[in-house]
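Biologist: Can you put the model up? I would like to go through a few residues with you.

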Amino acid sequence: MDDKNPKSSSGRFRNWFTRKHKQPDPYHLDDRSDGGEDEGDDFMEDVYVCSFEMDPCTSTNELRIFVGTWNVAGRSPVGSLAVDLDEWLKPQDAADIYVLGFQEIVPLKTRTVIGAEDPTEATNWNMLIGKTLNENFGCPWLTPMLNPIPSDNYHYVKIPASERRASFSGVSDATRMRGIRSRTPRQQPTLAWVGGSKYKLMASKKMVGVFISVWMKKELLRKYCVSNVKVSSVACGIMGYLGNKGSVSVSMSIEGTSFCFIAAHLASGEKTGDERRRNYQVSEIFRRTSFPRSAKDDDNPHPLTILGHDRIFWFGDLNYRLDLGDNSARNLIKKQDWKALQEFDQLRREQEDGGVFQGWREGNIEFAPTYKYSSSNCNRYSGGLPNRSGEKQRTPAWCDRILWYGKGVKLLSYFRSESKFSDHRPVSALFSTQIEVMKSANPRFVDKDTIVPNIMPPEQIGTSRNDEEGKSTLLSLIVKDTEASSTHMQKL
C-alpha cells in the first residue's frame, strides 16, 4: 500500500463506512460514492467496496465445450455403435461439457410424427452416451442401475449451495478452489458425489426425431454454481406446427454466464427457393423458443429467449445445400477444393445476404460434405453417374453445421467423423469459452454474509440500538484489520 500513514487509511475507511450507513438498513452497501471529499483518493474505498459488494469483482475461467450433431437416419443405437461413438466424442481428449444434438432418432413416419412421444430411443441414446463418456475414464457406469436416465424431457435440478460447498471440500486439488466462496466447516463428500460416473446428464429433450443431450463433468457441479437449467422445443414441420422439423433447446447458467444450446432439423430439399423455407423456420425457432420463469427458480434472473443468452450454440441438420450442379460439385470434392466449394454454399450466401444468422460465426470448413451417402457401411455419395437403380439423386452438401454467437468463445477445432452408421457423417466442434466467476478483490476479507450474522444474529435485527451496536462492532473489526495490514506493509 502506498499510504505510509495507517491512521490516514483507516480514517478514510471509517469516514466512508459512516457515510454509507446513514441509511435505514445498516448493511445496505449499494452506492459506490456520494461525491464526498475523499473521492479523489479512492484506492482504499475500491478495495473495501469490492470486498463487500461482490458484483464488480469477477474473474474469468475457461471451459472446454464439445458440440456435436448427427442425423442418424432413423436407426436405433446398437451395441456396435459404441466404437463409432467413441471415435466421434474422442473422450480421451476430455471436454468439460458435451452437448450432442441428433436428428431422426426415430423414422419420420406418420405414427411417430403425430403420435405420442416414445422415450425409448432417447433413453437408449443417453445410456450409450453415458457409457462412452464414463468408461473411458475407468469409472463404473452405475447410473442406469441406480437411477435410470430420464429421456425425452429432463433437466438438472440445482444443487443447494450448502451441499455443493460440502461436497467440494473433499476435493484435494487446492487449485480448484479458485472462484469458490466456501464458508462451511470441512465435511466429507456426500454419497451423491462419491465414485460412480465422471459425467452427469444435465438436460435431455426429445421432440419426435430431434434430440439434445447435455453432459457435464461432476467436478464442475462442485466447483461452480450451475442454475436455471431449462428445456424448450419448437415444432415447425408439416403445416408449420408438427415436430418432424424444428428444434429442441437447453438454457443454463454457469456462475454469471448464461448458455443456450439449440439442436435443429430444418426443411429438406435442394430446389431453388427451399433455402427460404429454412430461413423462415430459423426465424420461427428464434421467435417461439422460450424459457419461462417458474416458482422453483432461484433469485438470479435467467434469459427468457435465445438471444438473451451470453453464449449461444446452434447446430444440427440445417439442410442448406450447394447452389452448384451435381457434376461440378463432385469434381471439386474429388480435388478436395473446399474453399472453391464453399463459394456455392447456401448457408454462407444467406448469411452474407442477410437472410439468416446475421452476425453468427462458423469455423472454416476443411472437410468433405457430410450428406448424402449411399447407404450404411458405404463411403460413396448417393447418385452421380452412372446412376444406380433405386438410389436418390442428391448433390453432396454440408447439411450438418455448427454455429455460435456471443463474445468469449474461441473455436479450437471443427471436423467431421467417419462413422458409416447413417447417410450423414457426424460433425463436431470443440470450443474454449469463458465464464464469469464471482470473487473477492482481497482474499483476506471474507464475504459480508459471513461477518454480519456472527456479529448480529437475524433475530436481533430490528431495534435501532442493535443496529448501532452491529455497525460499531463491524466497523471496529475492519478498521483494526486495516491498521494491522498497514503496519505490516510499513515493515516490509
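Biologist: Is P426 buried or exposed?

Modeller: P426 is buried, at 0% relative accessible area. Buried means under 20% relative accessible area, exposed means over 50%, and partly exposed is in between, with a 1.4 Å probe and protein chains only. This is a predicted model, where local features need pLDDT of at least 70, side-chain atom pairs count only at pLDDT 80 or more, and totals for chains, interfaces and linings use all residues. Residues are numbered from 1 along each chain as its sequence is written, and side-chain values use heavy atoms, with hydrogens and water left out.

Biologist: Where is P426 found?

Modeller: In the loop between β11 (409-416) and β12 (427-438). Helices (H or I, at least four residues) and strands (E, at least two) are DSSP runs, numbered from the N terminus.

Biologist: And which residues does P426 touch?

Modeller: Leaving out residues up to four places away in sequence, P426 touches T69, W70, W88, F415, R416, S417 and S419. Contact means heavy atoms within 4.5 Å. There is also G68, which is 358 residues from P426 along the chain, yet their C-alpha atoms are separated by 7.1 Å.

Biologist: What percentage of contacts in the protein chain join residues at least 24 apart?

Modeller: 72%, among contacts between residues at least 6 apart in sequence.

Biologist: New topic. Which residues touch the most other members in the largest nonpolar core?

Modeller: F102, M252, I254 and F313, in a core of 81 residues. A nonpolar core is a set of buried Ala, Val, Leu, Ile, Met, Phe, Trp, Tyr and Cys residues joined through side-chain atoms within 4.5 Å. A second, separate core has 19 residues, including A264, I285, L318 and W360.

Biologist: Now charges. How many salt bridges are there?

Modeller: The count comes to 17. A salt bridge is a side-chain nitrogen of Lys or Arg within 4 Å of a carboxyl oxygen of Asp or Glu. One of them joins K206 and E117, with the closest N and O atoms 2.3 Å apart.

Biologist: Which parts does that pair tie together?

Modeller: K206 lies in strand β4 (residues 199-207) and E117 in the loop between α4 (110-114) and α5 (120-135), so the pair ties together parts 89 residues apart in sequence. K206 is buried, with a relative accessible area of 5%, whereas E117 is partly exposed at 33%.

Biologist: What about R349?

Modeller: R349 forms a salt bridge with D323, the closest N and O atoms being 3.6 Å apart. R349 lies in helix α12 (residues 346-352) and D323 in the loop between β9 (311-317) and α10 (326-335), so this pair ties together parts 26 residues apart in sequence. R349 is partly exposed at 31% relative accessibility, and D323 is partly exposed at 35%.

Biologist: Which residues are linked in a network of salt bridges?

Modeller: D345, R348, E362 and R401.

Biologist: Last one. How many helices and strands does the protein chain have?

Modeller: The protein chain has 14 helices and twelve strands. Of its 492 residues, 52% count as buried.
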